[in-house]
Amino acid sequence: MADRKRVPGASVVALCLLLVSLVACGGGPAVDTARVEVQSLLDRRAEAVLDRDAAAYAGTGDGAGFDNLRAVPLADWSYRVTALNRTGDSATASADLRYRVEGHDRAPVVTARSLALSRDRDGRWSVDSDRPARRSGEQLWDQGAARAVRGERSLVLGVGQPAAKLREYATLADRAVPAVSGAWGPEWPRRVVVLVPRSLDDMAGLLGSPASAYRGIAAVTTGTDGRGPADRVIVNPDAFGLLGAPGRQVVLTHETTHVATRAHTSAATPLWLSEGFADWVGYRGSDRTPAEAAPELAHAVSRGDVPDSLPEDEDFGFSGDADGLARAYEGGWLACRLIADHWGEERLRAFYRTVGAHETREGAVEHALDTVLHTTPEAFTLQWHDYIRKVLP
């Protein structure tokens with residue numbers, strides 16, 4: 001057995017080292033301990049959400065938002081603390097909230113949250129508030145109690161909207177899904193989530209942008225997993241309500257197209273193609289004439305102002321000239337309509353996929369024009385120019 005010899009002062013040195021480690025860097029390890037405790041608290045809070053356990057949720061702190069979530073069908077809900085700033089018995093946690101809507105989301109939505117916390121005399125942390133982080137959009141239930149209506153192929157979530165109105169949206173979305181599949185093909189989930197906030201201002205809150213950017217825009221589609229522009233159709237009820245029945249259907253079909261084409265839409269895809277294709281699907285099978293579907297461009301053509309080049313991405317800015325924005329959408333639509341009319345719908349789909357598969361924006365359209373349509377940018381632009389004059393006399 002080895003001889004254990006005590007070294008004089010060794011225990012004192014060890015104690016000093018331990019004390020130094022505990023107080024080093026302004027109490028860093030103490031903050032780390034609090035971070036572990038806060039993470040455990042948020043884990044319990046998330047479990048309460050999934051279990052629909054109001055008492056357990058209230059046991060983690062502020063329970064005000066629990067009822068807002070009751071109607072939302074959740075498959076997953078979790079927090080991951082990314083930072084903790086503590087001052088005594090108060091703290092602010094930055095966290096990523098990850099959630100999935102059951103039956104619709106293949107990947108989780110990830111959104112940044114800021115949580116205010118406090119610690120009681122017994123050393124237990126609790127949540128005082130849970131809000132969107134700075135520069136992050138709100139979630140629908142941040143704006144009030146969410147109501148859910150399930151369609152055959154859709155889920156409509158609304159705040160401040162009557163159930164009858166949400167059922168109307170579900171009917172439109174249910175019609176849009178097979179229409180999109182007929183134009184694009186069946187290789188997508190064939191279901192859609194529609195969010196209907198109370199107002200334009202609330203729509204802007206969901207998007208984390210000023211309301212002025214979306215005034216007059218009936219709906220937009222947003223991405224939630226970073227791979228493309230899709231997954232949630234967000235309605236502007238103020239503008240949407242001004243549309244007639246055919247217009248409402250075109251809008252929902254257009255936005256659902258973005259959901260369907262997400263996996264094949266990339267940074268290489270110009271907006272004239274993504275928006276033009278979505279409009280082509282929206283108007284496909286419609287009895288609207290080109291002049292009725294493209295009134296601003298038709299008016300420009302009547303003045304002899306026929307565009308010489310395809311719309312640029314900046315032409316699609318919501319905060320710019322409304323007439324110019326309309327002409328950009330109409331020009332993109334007619335470019336896609338030209339491809340479908342001249343080369344066929346299958347070539348149009350192949351063209352879209354080929355552009356999106358290109359590694360960079362530069363050369364993407366040129367490559368697809370060459371390999372799919374066997375033409376050049378110059379020849380296609382001239383053909384598009386002549387097509388506009390032909391269909392918008």
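Start by selecting strand β6 (residues 154-159) and strand β7 (residues 192-196): the two run parallel and are joined by 5 bridges. Strands here are DSSP runs of E with at least two residues, helices are runs of H or I with at least four, and both are numbered from the N terminus. Before going on, note that this is a predicted model, in which local features need pLDDT of at least 70, side-chain atom pairs count only at pLDDT 80 or more, and totals for chains, interfaces and linings use all residues. Residues are numbered from 1 along each chain as its sequence is written, and side-chain values use heavy atoms, with hydrogens and water left out.

Now click on Leu 157, whose bridge partner in β7 is Leu 195. Next, bring in helix α4 (residues 163-184). This helix packs on the sheet, touching β5, β6, β7 and β9 (232-235), where contact means heavy atoms within 4.5 Å. The direction of α4 makes about 150° with that of β6; angles run from 0 to 180 degrees between N-to-C directions, and axes are lines fitted to C-alpha atoms, for helices over the stretch in contact.

Widen the view to the whole open sheet: its 5 strands have the order β5-β6-β7-β9-β8, with mixed pairing. Two strands pair if DSSP finds at least two bridges between them. At the edges stand β5 (146-150) and β8 (219-222), each with a single partner strand, so one side of each has no neighbour in the sheet.

Follow α4 to α12, where the axes are 9 Å apart and the angle is about 90°. That makes α4 roughly perpendicular to α12, a label for angles of 65 to 115 degrees; under 35 counts as roughly parallel, over 145 as roughly antiparallel and the rest as oblique. Select Gly 182, Ala 183 and Trp 184 of α4 with Arg 349, Tyr 352 and Arg 353 of α12 to see the contact.

On the α11 side, the contact is made by Cys 336, Ile 339 and Ala 340.

For a last stop, which strand does β3 form a hairpin with? Select β3 (residues 109-119) and β4 (residues 125-132), which run antiparallel and are joined by 7 bridges. This hairpin has 5 residues between its strands, and Gly 123 in the turn has a positive phi of about 85°. Finish on Arg 119, whose bridge partner in β4 is Trp 125.
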